[in-house]
Amino acid sequence: HQVDIAQAGYYSMFVYGLSGIPGLIFGGMLADRLTRRWLGGRMILSAAMFFVAAPLTYLAIDAGPGNPMGFAVPMALGVAAMYVYYSATYSTIQDLVEPSLRGTAMATYFCAMYLLGASLGPVVMRKLSDHFMFAAAAAAGVTAAAGPALETFKGVGLRQAMYVIPVLNLTLTLCMFAASRTVPRDIKNFRNWMRDAASGSARPAAAA
């Protein structure tokens, strides 16, 4: 979008930093209100927010070159919607795991999230970006495998690769909706087990 590194840093702070704050806080408050009415309320909210984020992130990525605000505003709104997931999911994990195992449950969750997301995500995006960069270069008649000749096409490749984000948002919409169908039953079973444990009539946790 024809901005320098310093400007890009400010846009990044706005899009991925500041916008997440209302998503986390207000998303968590709304998730709690919904859960008081429906046990699957947190997952339903998370599914809805991923669904909202899909068109917003698509509009951001589709913004024409040289239009940084056309990218930043819808992407910030999309990120805010996606951040609701954290408030909803972390609290749901606590609803489903007995107190003595909640640390282990969160450790397992973060291990999976960082291995599959934070570690593999950038690798996959790089490969996608490189693929589309070489495709754009080849379409323009550039056959170089490296060097300055490819600089013009790096932005094109990255932009094309980022279209995977709205696709993933729609996929996560389905995942969260599916979770909303099973979480209420799991929470009820867990609460029954905890109540029986408190009264001394519960089966061992492994059996339960």
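Biologist: Which helix gives the largest share of the lining of the largest pocket?

Modeller: In this predicted model, helix 5 gives the largest share of that lining, 12 residues, where helices are DSSP runs of H or I of at least four residues, numbered from the N terminus. A pocket here is an open set of points on a 1 Å grid over the protein atoms alone where a 1.4 Å probe fits, with protein on both sides within 12 Å along at least five of seven lines, and lining residues have an atom within 4 Å of a point.

Biologist: Which elements give two or more residues to the lining of the largest pocket, and which residues lie nearest its centre?

Modeller: The lining has 29 residues, with M82, Y86, G117, A118 and L168 nearest the centre, and the elements giving two or more residues are helix 4 (68-96), helix 5 (102-139) and helix 7 (164-199).

Biologist: How much space lies in the largest pocket?

Modeller: About 1,200 Å³, taken as the space filled by probe spheres set on the points, which are joined across faces, edges and corners.

Biologist: Switching over, what lines the second largest pocket?

Modeller: That pocket is lined by 23 residues, and H1, Q2, F71, G155 and L158 lie nearest its centre. Helix 1 (5-18), helix 3 (41-61), helix 4 and helix 6 (151-161) each give two or more residues, and helix 1 has the largest share, 6 residues.

Biologist: How are the residues numbered?

Modeller: They run from 1 along each chain as its sequence is written. Totals for linings use all residues, whereas local features need pLDDT of at least 70 and side-chain atom pairs count only at pLDDT 80 or more, and side-chain values use heavy atoms, without hydrogens and water.
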